[in-house]
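Thanks, everyone. I'll take one model today and go from the chain contact down to single residues. Here it is.

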Amino acid sequence: MTTLTLDAVRTHKATPRRRPIGGMSTAILLLGAFYMLLPVLWVVIASTKNTGELFNTSTLVPSGSLWSNLTRLSSYRDGLYWKWMANTALYAGGGALLSAMLSGLSGYTLAKFQFRGKNLIFNAMLAGVLMPQIMLAIPQYLLLSKVGLTGTYWSVLLPSIISPYGIYLARIYAAAAVSDSVIEAARIDGASELQIVRRVAMPMMAPGLVTVFLFQFVAIWNNFLLPFIMLGDDQKYPVTVGLYTMLLQGANQPAQYSLVITGSLLSVFPLIALFLSLQRYWRVDLSSGAVKG
Amino acid sequence: MAQSARAGGRRTAPYAFLAPAIVLFVIFCVVPIGYSAYLSLRKVQVKGLGLGLGSRTEVFAGLDNYRTALSDDELLSGVVRILGYGLIVVPVMLGLALLFALLLDSAQVRLSRFSRIAIFLPYAVPTVIASLLWGFLYLPTLSPFQGILGDFDPFAPSTVLYSIANVAIWGGTGFNMMVMYTALRAIPREMYEAARIDGCSELGIALRIKIPLIIPSVVMTGVFAIISTLQVVSEPMALRPLSNTISSSWSPLMKVYTDAFARNDLYGAAASSVVLAAATLILSFGFLRVVGPRAFGGES
């Protein structure tokens with residue numbers, strides 16, 4: 001809030017002298033915004049066209065086939081697309097929720113307790129942040145297939161819960177947001193350690209945990225390789241893998257293209273809504289891990 | 001009694017609280033890495049015609065798989081390709097992110113809220129979906145640029161690298177901008193006032209005060225960008241159905257995937273992935289060593 005007011009005052013003072021630079025800055029930023037919005041604009045227009053119009057009419061002129069595309073998409077293999085969306089919500093939403101809780105508990109413990117092996121555990125997990133995913137996907141598949149879990153929802157959910165980066169963020173956030181005196185006071189009042197976590201620490205860490213949730217939500221939603229390797233049954237696909245396989249079939253049936261385009265458009269809406277509504281939680285400083293609410 | 005029970009709880013609690021994270025970390029991180037390393041040293045030996053039970057046995061292979069991986073032309077050309085790709089993606093993406101962050105922070109711009117949200121927006125689009133969208137834009141029959149570009153084909157062998165790089169830059173710039181912008185907002189405004197009074201221009205303030213102060217953030221985004229660039233797989237894989245200029249071993253990780261699942265050579269794939277992981281770690285730690293001391297001012 002204070003920065004906002006400061007900005008306003010400063011802009012007011014500064015405007016007369018620096019306007020030419022301001023004009024150019026605005027132009028560069030708008031150019032950047034245009035570049036970022038271009039594919040989105042295109043998909044919005046393209047989703048209003050049927051397959052014939054897609055290839056034969058001017059790209060930037062919308063048509064009236066959005067509704068028929070939507071009904072065709074919804075009826076594609078008995079509503080498989082909506083199944084994919086529900087699966088995505090389960091993988092990304094459920095996985096990120098569990099991940100945020102686990103990160104919160106672990107981060108709080110690492111920040112507020114002194115115990116043997118603490119640095120070893122934390123450093124091992126930090127190394128995990130830098131460990132390339134390449135190392136993990138194939139052996140994870142082999143190990144899970146040994147216990148018969150490949151092809152199940154668990155095969156995508158379980159590897160998504162552990163997030164070394166989430167634990168790292170939560171530790172820094174716990175150190176800053178949960179004060180030792182509050183924990184001591186709760187202990188003197190006779191609260192158990194578990195009660196302190198649930199009633200005292202977690203509520204104080206809530207804004208930081210929302211950020212961890214968002215990070216992990218995007219990470220899971222973005223992880224194409226894991227579900228692609230783990231799952232064989234297209235009823236369990238997330239929407240990314242589903243649309244990809246649909247595009248693969250489209251190489252032979254261009255009629256699928258308009259379904260893929262409409263499906264792509266619909267799939268980004270929920271995430272964009274989530275982003276806009278939780279925008280303030282994105283103010284994250286990577287180097288210090290601090291979350292600025 | 002109650003007092004000592006609580007003290008005991010305080011001693012055991014950290015281990016109990018960390019147990020779920022440790023168990024998951026071991027199962028899904030430590031064990032897979034160890035298993036990869038183990039597999040990379042194994043191979044299948046076929047007895048006789050390779051038919052019947054027990055005719056195929058797994059034996060110790062020493063460093064054979066590593067020799068094969070290191071002399072594999074496909075893997076090598078994939079690595080070279082991806083290094084060139086990284087040399088485009090990382091500087092352009094971080095450069096744009098820094099430029100946008102500085103402009104947004106300068107507070108002289110109009111519509112800054114709109115620009116900030118628009119530039120951040122691609123972060124909400126999954127890489128595979130982003131690749132599909134750009135892929136359609138690259139198709140000559142669908143692209144709105146066909147009039148402007150003439151005969152230019154984004155999927156031609158000489159241009160496909162840039163086309164894939166463009167998808168990555170589009171998807172990554174916004175997030176990195178947000179990280180740098182957050183760092184810029186944390187700088188106390190008074191630091192600029194003195195420079196302004198001394199007649200320092202906005203450009204001078206950006207170059208001499210703002211950039212040096214947010215260098216730690218820039219370095220961290222650089223490390224993460226290097227790691228994710230070397231592992232690129234979603235973009236080329238999702239663009240493949242639309243173009244036949246992208247081979248199944250275009251990036252090293254695609255090659256590992258193809259070896260493991262299409263060619264059923266798990267052992268070779270494991271060796272390649274160990275080599276790639278080692279190379280990634282060397283590059284990212286090397287980057288940190290070179291720029292780290294300067295960036296963090298000796299505190300790390």
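Two residues count as in contact if their C-beta atoms, placed from the backbone, lie within 7 Å. Keep that in mind for the interface. And note that this is a predicted model.

So, the contact between the chains. It takes 80 residues from chain A and 81 residues from chain B. Which element gives the most on the chain A side? Helix H1 of chain A, residues 2-46, with 22 residues. By class, the side of chain A that touches chain B splits into 54 nonpolar, 18 polar and eight charged residues.

Stay in chain A for one more helix. H8 of chain A covers residues 164-177, which is 14 residues. From first C-alpha to last, H8(A) reaches 20 Å, close to the 20 Å expected at 1.5 Å a residue. Is H8(A) enclosed or open? Largely enclosed by the rest of the structure, because 11 of its 14 residues are buried. Among the buried ones are A:Pro164, A:Tyr165, A:Gly166 and A:Arg171. A:Tyr173, A:Ala174 and A:Ala177 are on that list too.

Now chain B. Its secondary structure comes to 12 helices and two strands. Read from the N terminus, the order is one α, then β-β, and then α elements to the end. Of the 300 residues in chain B, 43% are buried. Take the contacts in chain B between residues at least 6 apart in sequence: 71% of them join residues at least 24 apart.

Next, the strands. E1(B) and E2(B) pair in the antiparallel sense, over five bridges. One pair to find on screen: B:Val46 has B:Arg56, in E2(B), as its bridge partner. Is E2(B) enclosed or in the open? Strand E2 of chain B, residues 56-60, lies largely in the open, because zero of its five residues are buried.

Back to H1 of chain B, residues 2-40, for one residue. B:Arg11 is found there. How exposed is B:Arg11? Partly exposed, because it has 14 other C-beta atoms within 10 Å, and buried would take 20 or more. For a sense of distance, pair B:Arg11 with B:Ala260. They are 249 residues apart in sequence and 46 Å apart in space, C-alpha to C-alpha.

Last, the core. The largest nonpolar core has 157 residues. Which residues have the most contacts inside it? B:Ala101 and B:Met180. Helix H3 of chain B, residues 73-105, gives the most to this core, with 15 residues.

Zoom in on B:Met180. What does it touch, leaving out residues up to four places away in sequence? B:Ala97, B:Leu98 and B:Ala101 are three of the residues it touches. B:Ile214, B:Ser217 and B:Val218 also touch B:Met180.

That's the tour. Over to you for discussion.

Conventions
Residues are numbered from 1 along each chain as its sequence is written. Chains are lettered from A and ligands numbered from 1 in the order in which they are written. This is a predicted model: local features need pLDDT of at least 70, side-chain atom pairs count only at pLDDT 80 or more; totals for chains, interfaces and linings use all residues. A nonpolar core is a set of buried Ala, Val, Leu, Ile, Met, Phe, Trp, Tyr and Cys residues joined through C-beta atoms within 7 Å. A residue is buried if 20 or more other C-beta atoms lie within 10 Å of its own, exposed if 12 or fewer, and partly exposed in between; C-beta atoms are placed from the backbone. Helices (H or I, at least four residues) and strands (E, at least two) are DSSP runs, numbered from the N terminus. Ala, Val, Leu, Ile, Met, Phe, Trp, Tyr, Cys and Pro count as nonpolar, Asp, Glu, Lys and Arg as charged, and the others, Gly among them, as polar. Two strands pair if DSSP finds at least two bridges between them. The expected span of a helix is 1.5 Å times one less than its number of residues.
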